[in-house]
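Biologist: Could you walk me through this one before I set anything up with it?
Modeller: Gladly; here it is.

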Amino acid sequence: HIQAVIFDLDGVITDTAEYHYLAWKKLADELNIPFNRNFNEALKGVSRMDSLKKIISRAQPAPSFSEDELNRLADRKNEYYKEYIQQITPDDLLPGITDLMKEIKQKGIKIGLASASKNAMVVLEKLGITSFFDGIVDAATIEHGKPDPEIFLAAARQLHAESASCVGIEDAEAGIQAIKAAGMFAVGIGTADKMKEAGLRVEGTQKLSFIKIESAY
Ligand code: B16
Ligand code: MG
């Protein structure tokens, strides 16, 4: 039976992608590098530094920065992002998520977070849902990003749950790959073409329910 459900943050619990976009856009404009919403899609679930490198490498000609400069640019983006996420309120929870978490709790099943974001704690606080979590992985301790299973395995360890008894919920293809590589059951949120590998797929969070997950598991 299911011992733990491990959530991704951006795209599953709330839509922070828009704030990431606004913050990257501000930085890219200052650097005169083209950046748009379409390209932002490719940054979902990708770490801050890897996102910065992807944005820079797309410029023609691609500017070259020292490691120090790269760190400063990533910090600058994060300052912009931290300002934007101050606006988050419980109204920004994606539909169905609070009900799902309540159902999971009622069953005595644990809830964990496997987000690549180093700002995850602030976002959960702003959403008012920190108390639902039995474990939150600190993204700063993770060496390999999704699709590597590391972050999901760390979440299972925190929750004292066996991989095979865990369910992971993700909106990114790399996230689904990470869940499966960790030996867990994958629930995917999104279109059929992107979520081919998920054990259960729903179009949006409002379609999620514990019954559905339990019967597909
Ligand atoms: P930060 P997730 C990811 O969150 C975002 O999707 C991605 O766009 C972001 O770059 C990454 O977190 C790191 O975030 O700069 O706040 O550390 O989908 O893994 O919850
Ligand atoms: Mg995500």
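What follows is a conversation about a few helices, loops and peptide bonds in this predicted model.

Biologist: Let's begin with α1, so how many residues does it have, and how far does it reach?
Modeller: Helix α1 covers residues 17–30, which is 14 residues, and it reaches 20 Å from its first C-alpha to its last, close to the 20 Å expected at 1.5 Å a residue.

Biologist: And which of its residues are buried?
Modeller: The buried residues of α1 are Tyr 19, His 20, Ala 23, Trp 24, Leu 27 and Ala 28. They cover an arc of only 170° around the axis, which puts them on the same side of α1.

Biologist: Take α4, then: at what angle do α1 and α4 pack?
Modeller: The angle between α1 and α4 is about 135°, and their axes are 8 Å apart. That makes α1 oblique to α4, and the crossing of the two helices is right-handed. On the α1 side the contact is made by Tyr 19, His 20, Leu 22, Ala 23, Trp 24, Lys 26 and Leu 27, while α4 contributes Leu 73, Arg 76, Lys 77, Tyr 80, Tyr 81, Tyr 84 and Ile 85.

Biologist: And how do α3 and α4 pack?
Modeller: For α3 and α4 the angle is about 105°, with the axes 10 Å apart, and that makes α3 roughly perpendicular to α4. The contact is made by Arg 48, Met 49 and Leu 52 of α3, together with Leu 70, Leu 73, Ala 74, Lys 77 and Asn 78 of α4.

Biologist: Switching to backbone geometry, where are the cis peptide bonds you'd point me to?
Modeller: One cis peptide bond joins Gln 60 and Pro 61, with omega about -5°, and Pro 61 sits in the loop between α3 and α4. Another cis bond runs from Lys 146 to Pro 147, with omega near 15°, and Pro 147 belongs to the loop between β3 (135–136) and α7 (150–158).

Biologist: Last topic: where is Gln 206, and what is it in contact with beyond its sequence neighbours?
Modeller: Gln 206 is in the loop between β6 (200–202) and α9 (210–216). Leaving aside neighbours within four places in sequence, Gln 206 is in contact with Pro 95 and Gly 96. Although Gln 206 and Gly 96 are 110 residues apart along the chain, their C-alpha atoms are separated by 4.6 Å.

Biologist: How many other C-beta atoms does Gln 206 have within 10 Å?
Modeller: There are 13, so Gln 206 is partly exposed.

Key. Residues numbered from 1 in each chain as written. Chains lettered and ligands numbered in written order. Predicted model: local features only at pLDDT ≥ 70, side-chain atom pairs only at ≥ 80, totals over all residues. Helix = DSSP H or I, 4+ residues; strand = E, 2+ residues; numbered from the N terminus. Expected span 1.5 Å × (residues − 1). Buried ≥ 20, exposed ≤ 12 C-beta atoms within 10 Å, placed from the backbone. Arc of directions from axis to C-beta. Axes fitted to C-alpha atoms, helices over the stretch in contact; angles between N-to-C directions. Parallel < 35°, antiparallel > 145°, perpendicular 65-115°, else oblique. Left-handed = near helix turned anticlockwise from the far one by under 90°. Contact = placed C-beta atoms within 7 Å.
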